[in-house]
Amino acid sequence: MKILKEYASRDSRILIIKQDNKGPSEARNAGVRKAKGKYLYFMDSDDIIEPETLELCVDDMEKRNLEYVCFNAVAFGEGEKNEKAAQFMNEQYYERELDGEKVYDGKELFRELSAKVSVVVTVWSCVILRSAFLDNELWFRPGVIYEDEYWMFMAFMTLSRCGCINKTLYKNRMREASITNSEYTFENCYGVFRAACDIREYLASHPECINGEDHGYYEYERPVTRQKIAVNRYRALSEEEKNKRFDLEPDERVLFEQTVVYPTELQVSRFDNYYKRIETEKQNAVLLGEKEELQKANEELTLKVKKLKKQKKKLKKEKKKLKRRIKKIKNSSAYRIGSAITWLPEKIKSLLKSDNKQKDGSCKEEQK
């Protein structure tokens with residue numbers, strides 16, 4: 001508090017809000033209620049942001065009249081375990097390959113990110129228009145971990161002017177004590193379960209979200225994948241943590257046990273097949289690219305071979321011409337006379353060379 005007051009004394013725009021610890025959702029909601037600026041941004045306390053981030057985001061939102069803009073991030077870890085976790089996040093999720101000039105509808109942006117398996121459900125990787133937040137009642141659900149799962153889904157389903165800045169402007173710290181990277185408890189499992197339930201309820205009350213050509217495939221897929229994660233996390237819990245489900249309200253406990261504790265046939269095959277299909281398509285694309293390159297190389301080689309064959313044919317013709325010319329010269333009287341004239345001098349020259357060699361040999365013998 002002493003540090004906060006020191007900063008607030010330097011800058012009148014800094015407002016200190018003090019309340020009992022109720023988790024990140026209540027903290028963010030309290031901040032939104034007090035906020036007076038045109039835009040909202042939520043940063044995690046242990047991460048690093050590039051100094052120009054907010055300036056770039058606001059300039060882009062003003063220029064294109066956006067309600068929401070997202071940007072790229074990079075993860076970094078503390079210790080070997082967290083370095084590996086950071087590497088995995090960077091390879092799988094954090095690089096959003098989007099059209100930096102395009103204005104997306106929220107649903108369109110969600111589907112494009114889902115198709116690329118790069119939906120980053122983090123509030124720290126985007127800036128949102130405060131009026132859009134309030135008009136669409138995008139409040140964070142209190143009392144749960146992973147509250148941004150449902151918040152991000154709602155934002156995508158309701159906003160109509162979204163954009164992307166293809167720059168890495170945020171550094172996410174992976175550490176042992178963080179909420180997302182600490183050892184799983186019942187709260188971790190419940191948070192993902194609650195997100196799956198909230199998304200299902202939202203889709204049930206907003207049928208317009210699933211009336212597209214794909215009949216809401218990506219929208220329906222989201223709660224199914226969250227449910228699968230909840231099941232896997234629950235199975236990894238200790239018995240003591242598992243028994244915390246008895247503290248839930250009766251109706252919620254029944255739903256939790258039906259979908260997480262005793263899933264008779266969890267519909268994840270479509271999800272698994274989807275990733276297999278994506279991987280197969282990637283491999284096929286690589287193979288197709290290699291095939292096209294080989295075909296191109298083969299065509300170039302074929303042209304070169306044809307060119308060489310033409311050159312060879314031309315050389316053969318020239319060779320035949322030269323042979324005929326040589327034969328004609330040899331049969332001429334001038335050639336015969338010349339041969340007769342040069343024969344004797346050449347013979348004498350040859351005999352002299354032979355005689356000199358013999359003399360050199362005898363001199364070497366005498367020297368020895």
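Biologist: In which helix does Glu257 have its place?

Modeller: This is a predicted model, in which local features need pLDDT of at least 70 and side-chain atom pairs count only at pLDDT 80 or more, whereas totals for chains, interfaces and linings use all residues. Residues are numbered from 1 along each chain as its sequence is written, and side-chain values use heavy atoms, with hydrogens and water left out. Helices (H or I, at least four residues) and strands (E, at least two) are DSSP runs numbered from the N terminus. The run that holds Glu257 covers residues 250-261 and is helix α11.

Biologist: Is Glu257 buried or exposed, and which residues is Glu257 in contact with, leaving aside its neighbours within four places in sequence?

Modeller: Relative accessible area (1.4 Å probe, protein chains only) under 20% means buried, over 50% exposed, and in between partly exposed. The value for Glu257 is 14%, so this residue is buried. With contact taken as heavy atoms within 4.5 Å, and neighbours within four places in sequence left aside, the partners of Glu257 are Arg245, Phe246 and Tyr262.

Biologist: Why is the pair of Tyr150 and Tyr202 edge-to-face?

Modeller: Rings of Phe, Tyr and Trp (its six-membered ring) pair if their centres lie within 6.5 Å, and planes under 30 degrees apart count as stacked, over 60 as edge-to-face and the rest as tilted. The search of the whole structure finds 20 aromatic pairs. For Tyr150 and Tyr202 the centres are 6.4 Å apart, and the pair is edge-to-face because the planes stand at 75 degrees.

Biologist: How many residues apart are Tyr150 and Tyr202?

Modeller: Both residues are buried, Tyr150 at 17% relative accessibility and Tyr202 at 7%. Tyr150 belongs to helix α7 (residues 147-158) and Tyr202 to helix α8 (residues 186-205), so that the pair links distant parts of the chain, and the separation is 52 residues.

Biologist: Which residue in β5 is the bridge partner of Gly77?

Modeller: Strand β3 (residues 68-77) is mostly covered, with seven of its ten residues buried. Two strands pair if DSSP finds at least two bridges between them; β3 runs antiparallel to strand β4 (residues 126-129), joined by three bridges, and Val69 stands opposite Val127 there. With strand β5 (residues 162-174), β3 pairs in the parallel sense over ten bridges. Within β5, the bridge partner of Gly77 is Met174.
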